[in-house]
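Here are my notes for someone opening this one for the first time. Have a look at the model, then read on.

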Amino acid sequence: MLVEREEHLGRLHRVQEAALAGRGRTALVEGPSATGKTELLHAFADRAEAAGFQLLHAICSRPERTRAHAVVNQLLRYAGPPAHAPGAHHDAPPAPRSADDLWAALLERFADGPVLIAVDDVQHADEPSLRMLLHLSHRLRSARMAMVFTDNTDVPPVNLQLRAELLRQAGLTRLKVGPLGETGVTAFLTPRLGPQSARRLTPYFAATTGGNPLLLAALVDDWEDSDGDEAVGPSYCLALLSCLHRADGAALALARAMAVLGPDADADIVATLAEAPVEPAVRAMTAAGLLLPDGGFRHPAVRQAVLDDLAPRELSVLHRRAARLLYDAAAPAGQVARHLLTAGRADEPWAVRVLLEAADHDLLADRPGAAAVCLELAQRSSGDLAERAEILARLAHTEFQSEPAAAARSLPQLVTADRAGRLRFPESALLIRQLLWHGRSEEAAEALGRLRTAAAARGEVSGEESDLEQWLSFAHPALARPARVPVPGPRRPGGHTVVALRSEPWLERAAALAGELARDRRVAVERAEQVLWDLRLSRSAYWSEEAALLALLTLVHGDRTDSAAEWCERLVTDAAERATPTWQAVFQAVRAEIAVRQGDLAAAVERGTCALELLPAKSWGVAIGLPLSSLVVATTRMGRYDDALRHLSQAVPPAMYESWYGLAFLQARGIHHLATHHHRAALGDFLSCGELQRQWGVQALGPLPWRAGAAEACIRLGNTDRAKQLVHEQLSRPGASGGRTRGIALRLYAATCAPGRGLQLLTEALELVESAGDRFEQARVLGDMSRLYNTVGEQRRARMLFRQSLHVANACGAQPLARELLEGCADGGADRQGPPAQQDGPVRELTGSEVRVASLAVMGYTNREIAAKLYVTPSTVEQHLTRVYRKLKIQRRQDLPSFLWPNASKAG
């Protein structure tokens, strides 16, 4: 379809008229590839034939450049036998030896009519044929003959002298053809897309094709096949590749170099890779509409099409050369590594170093997948066995943060390298940590044995090795060095111990927190807060996540659940932003444990389920005890026993019971057995926790207060003497002077005492669990107090405490506890209609804000929760309560009258 070619056809028509009048002329149609030169030639030839011209047509091609007289032979074959021998045999005529011979042959065949000689792609014509045609053109002045050539300006001519001679001819009609403008694009699109769509789509089509007619036609095909979606498709890409292959070889080489190097490549590097001058090729490709004015591809799909056009071996060679050029030009490691990765080889001496540097940058930018690919190629390409082992350890750690199950594939090789002595301490420590995570305790013990043997041979234990032992004492006590074996430290020649320098500072912090957790020291809370303030999760800081986990657990064990929850939310967000699903899941599991301790059972189930969704069960290893224990406790306390049983039935590694995670799981199972009235099974689980801690040499409280659970089981079994003994042991342990654990123990102790003594114990227990923020335990203590007050005949206070406990139990979602409270109180809601008239007097003395605060306090809300509901500060709540106590002539919260309960709805 000819668009914007009327002027060209008009000038060619004048050449035709002159030839008919006996004044032969020569015309040259020149322009870039695929701009419609051939279509224009065909259109003119059709008009000439209709006017009575005899047509001789030849198409030149690159392969026939070296075949002498190839073009002339085409013309003579096209001409056929002489006019006076119609029945002559159609053998190929002999090639003329001169222009005179060619002239004679043509006159013999076309003595009676005008002749049009049309030669397409004359830039590929062989030299003998081109000489004859040029000499022939000099004889056209008195002949009824016209000659029209098309010339692709993208391709340099075979003989510049002959082309110059053609251009110097007198009377030469020179026609220049180029891409279409926007008006031409609209005219081109209108027949196929309609006038409205053509006008609307013209800017897009013009920008994508540069007005190149071949690309336009192909893009319209893709547009129609795509139902109006993304237009660029296979037809467009094939058309563009066709243009590149038809153009000069420099254009194709340039396009391939540009595609390999990418859009931001330096022009000098592109020219070196293409092994061709850039500027002429860029000008030619831009003129043809193949490139943007700034020299870039017009669509991203073009780059991929050019790459796909290369054979795999050619593409690999180009990428390796590109990597070398970029490395020599001091390009960033990431750019160089990209080409090494695409080539699939890193044979150069510098290549492994570049890949490692690129991996570091990817890790800092939170691109673990890209870093892993760099590390894999570096590990395969390194010729040094120790270096390969170190790289493999880094790769395993990188994969562990995203998918522990994938990282486990590297463990056999790392174990082999460790046995051969190729791992340094940091890599050995990471190997031990991952082996323990996956429950491969025997291999971990073997690796630990090698470290200890090496330390004994040196006569000293480094600070890092001591830190590792300390971490093991909490996380995996079964493998830790026994407490009775002293850990030697490095010494000066004079015998004084020196401070060892640590290359793993986060391992040191994790070790310190692990030691505090194993001893349950409250001072560890301040250390944990400082660790979290200093923490920044990093893929290159191998132990930072472990330090974060232990810091959170320290806050939880130190009854700082509110602070732990805030830090946990930050860490979950940070891990998600850094694309570390493993630690995101672990922190979600810790958040579930915090929710259990706060009595927010629904949140605990939500967070625990989220943790298991983030990380498949096979990837959790022994740490699966962390989310499962929270889910078991939460679902049990909510009365969802089938769900709890399903979590208990989850397959877990046997090695889990050799770690802290196993203790948490055993305690959770014991809680479930208590709730489902399997008291002896519960006692067995709690006692198993204690036996494991004794075997591990944990002398203090240890990670879990198992004695409290065992005491409760003994009470259910009627063995109050054994329960008292266990509670006394619990209360006498170091670090048991306060907090949630003491509150739980006091509640159990109260169950074995007379009512008067029991109420004293429960009063202290209530203050402890309230300060710890454990609303579930708060509900249990309130319920026990209600029963004891009912026993001693104080029914009014009993009913008030019953209502508080029921409210808190319902707020927690603890339906079994709520049913238990209702069953234990025959008149649980008898006076809910309102206060007696004689009790209304003191209330009138309270202000509205004091009534609101006091009503919420009766319901069992803490000062912090009341402040949040009423949008005031906790200190304001405390001041209001002080005034309420004075006006009502009471001493404490537990003495607030129950007739304030009806005001609770207004307060809320």
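1. A quick term first: a contact means heavy atoms within 4.5 Å. With that in hand, residues 24 or more positions apart account for 69% of the chain's contacts with a separation of 6 or more. This is a predicted model, where local features need pLDDT of at least 70 and side-chain atom pairs count only at pLDDT 80 or more, while totals for chains, interfaces and linings use all residues. Residues are numbered from 1 along each chain as its sequence is written, and side-chain values use heavy atoms, with hydrogens and water left out.

2. The chain has 47 helices and five strands; these are DSSP runs numbered from the N terminus (helices H or I, at least four residues; strands E, at least two). Of its 908 residues, 56% are buried, where buried means under 20% relative accessible area, exposed over 50% and partly exposed in between (1.4 Å probe, protein chains only).

3. Now the inside. A nonpolar core is a set of buried Ala, Val, Leu, Ile, Met, Phe, Trp, Tyr and Cys residues joined through side-chain atoms within 4.5 Å. The largest holds 245 residues, and Phe 205 and Leu 468 touch the most other members. Leaving out residues up to four places away in sequence, Leu 468 touches Phe 425, Ala 429, Ile 432, Leu 448, Leu 451, Leu 507 and Trp 543. Another core, of 26 residues, lies apart from it and includes Ile 117 and Phe 149.

4. Helix 22 (residues 425-437) and helix 24 (residues 463-475) pack at about 10°, axes 11 Å apart; axes are lines fitted to C-alpha atoms over the stretch in contact, and angles run from 0 to 180 degrees between N-to-C directions. The two are therefore roughly parallel, the word for angles under 35 degrees. Helix 22 brings Phe 425, Ala 429, Ile 432, Arg 433 and Leu 436 to the contact, and helix 24 brings Glu 464, Glu 465, Leu 468, Trp 471 and Leu 472.

5. Which residues other than glycine have a positive phi? Ala 34 is one, with phi near 60°, in the loop between strand 1 (25-31) and helix 2 (37-50). Asp 121 is another, at about 55°, in the loop between strand 3 (115-120) and helix 5 (127-137). Ala 34 is buried at 8% relative accessible area, and Asp 121 counts as buried at 16%.

6. Last, Gln 695 in helix 35 (residues 679-696): its relative accessibility is 57%, so Gln 695 counts as exposed. Gln 695 and Ala 478 are 217 residues apart in sequence but 7.8 Å apart in space, C-alpha to C-alpha.

Definitions and conventions: Parallel < 35°, antiparallel > 145°, perpendicular 65-115°, else oblique.
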